[in-house]
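Thanks for coming, everyone. Please look at the screen, and I will walk you through a few places in this structure.

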Amino acid sequence: MKKLQFPVRTLVLSMMAAGLPAQAATVLDGVTVVGQTPVHGVGVEASKVPARVQSVSGEAITDGQALNLAEHLRFNFSSVTVNDAVNNPYQPDVQYRGFTASPLLGLPQGLSVYVNGVRFNEPFGDTVNWDLLPEDSLDSVNLFSGSNPLFGQNTLGGALSLRLKNGFTHQENDIELAFGEDGFLKTQFQSGNNNGEFGYYVIGNYVEEDGWRDQSPSDVRQLLGVFSWRGDDSSLNLTAATNDNTLVGNGAVPFDLMDIEGRETIYTYPDRTETQLNFLALDGDHWVNDNVQLAGNVYYRKNTITTLNGDDSDYEECTILGEETLCEDGDPSEPVEFLGFDDDDTLEDIDPTLDPDDIDGTVNTSETKQESAGFALQSTFLNTLAGRENQLIAGVSYDYADISFQSDTEFAELRNDTPADDRGTEGVGLYDAESRVRLDTSVRHFGLYFSDTVTVNDALDLTFGARYNRTRIKMNDLIEDGAGSLDGSHTYDRINPMAGLTYSIRPDLALYASYSESSRAPTPAELSCADPADPCKLPNGFVSDPPLEQVVAKSFEAGLRGGSDIRWHAGLFHTTNHDDIIFQQAGGLPSEGYFTNVGKTRRIGAELELQAQLSSVRLSAGYTWMKATFETPFVSFSPNNPLGGNRQVSDGDRIPGLPEHIFKVAAQWQATNKLSVGTEVNYRGSQFFRGDEANENEKLDGYTLVNLRAKYQATQNIEVFGRVSNLFDKDYETFGVYGEADEVLSDAYPGFDDDRFVGPGAPRTVSAGVRMKF
């Protein structure tokens, strides 16, 4: 192949010659190259991207000793925060600039996630399961800011692009053993190599822990392999991954209950999620000639998610024609219909030995089978436009998913009579007929996009592009037909534009500015739970589906970046969501409610960042000020708000769960040739409780966390490491929501009336391990 005209072309060829993947975020000859699209392809110099891009290498992730990727993002990426609503380390709500990627169906999802160019958001709810991939399998992570339409559906606030290791980027074998408090145990192996043409990489990871809270064990089993081929002008990677994970996170707890029983206490249990992923993908690229590259991927993905939640009950004792039974909220006009029995059969008819007053809990179960496949194909053209360097990208993508969802509610006895009871639930073998859901859904996403970057002169680069999205969702209720069923067919489409520029004021100082739009079609989970007259319980009881509008995000951002030995960035961002979708709480449980469009919401902010290498110390710091607000007045149902329900939300009221101030510092000191020590300091400001959309009550306090880690190279092939999280054992809460606690706790604690549910943060925990290379 001839020597290419553009610097980025030369970089691509150099990376291929060195065995490096051209599609990864890579620093070569002092130039960082990132992909402009999920497929990556040729990539572009990061300095020409008119937005903020944060990157980290796999080596840095390993050195950070975080338990998973979400934890690393939390402590090391600017403008990223975490809410521990579930309270399992593998199930956090990750937020970037006020937009969320979470495994929870009840949250508005606003970040897209890609793995080797393959979309990794779940098709049923756009959710993200952080437990599916081993953290150490990652070769690079790029976090792109803004509503970049090139990343497709759901990129309202940003996109996370993950690249996996392969036999050309990881050429060693190692075994890792680690242990820690609360029964933490990790065993991992990884191996990779190549012969210049063919390469392999494989990693297996097993983690078990009892959890620091009561009744909260987890088991994580992950296996991934990448088999690669490299030619003179082409490359291929075949990726296969599977996992079998059981995660228990017993969720939020009443604030005052922690004062009585300790911070490790739980409200009710169990709350178990099991994920089983099978993933197969082929990605590659080929240079057609000196100026044209083809790149793309094709994939198959199947993920089965099962849940079991022990909860309080909305059903109470009542009398129908002189016989005892259960009714919704004890209302005789709404008696329970027991599955498998006649509609008018009472509990006394079915089993006279059961006392309805003792049946004060439920066991909610669900199974979501998501089978998806798709492809993406793009061409990159490196030519000149009016005599100026120009990179044109054009691509197409198609994703489809067939989803089978089913859920049931079993009546249960809740052990909550005395303080000594564990508040666990035990099913009685009877099920609520009206809560039973059997739903088949198909989702089709089609995208057509282009992007063009033209170098006007040595200082100015212009980028513009657009993407056309079309989504079709069909839902088939397997229990009911016609009015009141979940049947529905919905189509959404839109063209989303983007444009931006970068201007080099001098070699060590540059300006960037951009405008972009992106959209998110309502998910099947949202469409199936959108009736305010008949709220549902997530992730279980869905109801008929009034149509929802798609969300459209419009973003402006601008900033300055510069430096060489000391690099810095200062930026402003402004994103407005139109027809934003939120989950309106509408019952005693935080997960009971419905999805609705609420008009406009806005997130504006400023970011300051600094990175420096000072002799043997590597330092980074970041500060974010953010104001996230509702911009359209509406009435928040908020049934558990201390001031009463139906609160009037005004334009300018803050969105709950999002802090105004975020500050982070990270440092790594190479104390000797063998010993390195690192620390992380993270401050997160106060936030309003969910359910206080009108901002009328006290906030949840902010907090500061300090972590400490160390690594010692005992021999050339043996490394010992350790980490202390929450070094000063700070008591803190990451999340707050209003709920109804008195019905569960009033017998054990008469007069208990605290409805502030919080997600308590983990106490000080210590872990250590050894990594052996061979």
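Which strand gives the most to the lining of the second largest cavity? β44 does, with five residues.

Before I go on, some ground rules. This is a predicted model, where local features need pLDDT of at least 70 and side-chain atom pairs count only at pLDDT 80 or more, while totals for chains, interfaces and linings use all residues. Residues are numbered from 1 along each chain as its sequence is written, and side-chain values use heavy atoms, with hydrogens and water left out.

Now the cavities. A cavity is a set of points, on a 1 Å grid over the protein atoms alone, where a 1.4 Å probe fits but cannot get out; lining residues have an atom within 4 Å of a point. Grid points are joined across faces, edges and corners, and a volume is the space filled by probe spheres set on the points. The structure has 16 cavities of 30 Å³ or more.

Helices (H or I, at least four residues) and strands (E, at least two) are DSSP runs, numbered from the N terminus. By class, the lining has 19 nonpolar, 14 polar and 13 charged residues. Here Ala, Val, Leu, Ile, Met, Phe, Trp, Tyr, Cys and Pro count as nonpolar, Asp, Glu, Lys and Arg as charged, and the others, Gly among them, as polar.

Next, Q65. Find it in the loop between α2 and α3. Is Q65 buried or exposed? Q65 is buried, at 15% relative accessible area. Buried means under 20%, exposed over 50%, and partly exposed in between, with a 1.4 Å probe and protein chains only. The Q65 side chain reaches two backbone oxygens: that of A710 at 3.2 Å and that of G722 at 3.5 Å. Not counting residues up to four places away in sequence, Q65 touches R709, A710, F721, G722 and R723. Contact means heavy atoms within 4.5 Å.

On to strand β6 (residues 93-96). D93 and Q95 lie on one side, V94 and Y96 on the other, and all are buried. In a regular strand, side chains alternate between the two faces of the sheet. Strand β5 (residues 80-83) runs antiparallel to β6, joined by four bridges. Two strands pair if DSSP finds at least two bridges between them. T81 stands opposite Q95. On β7 (residues 99-101), β6 pairs antiparallel over three bridges, and there A101 is the bridge partner of V94. The β6 and β7 hairpin has two residues between the strands, and R97 takes a positive phi near 55 degrees.

Beyond four places in sequence, M626 contacts include R97, G98 and I604. M626 is buried, at 3% relative accessibility. From I604, M626 is 22 residues away in sequence but 5.7 Å in space, C-alpha to C-alpha.

Last, an open sheet. Three strands run in the order β17-β43-β42, with antiparallel pairing. β17 (253-254) and β42 (733-738) each have a single partner strand, so one side of each is left without a neighbour in the sheet. Five bridges join β42 to β43 (residues 756-760), and V737 has F757 as its bridge partner.

Notes: On a 1 Å grid over the protein atoms alone, a cavity is a set of points where a 1.4 Å probe fits but cannot get out, and a pocket is an open set with protein on both sides within 12 Å along at least five of seven lines; lining residues have an atom within 4 Å of a point. A polar contact is a pair of N or O atoms within 3.5 Å; within protein, one must be able to donate a hydrogen and the other to accept it, and residues adjacent in sequence count only if both atoms are side-chain atoms.
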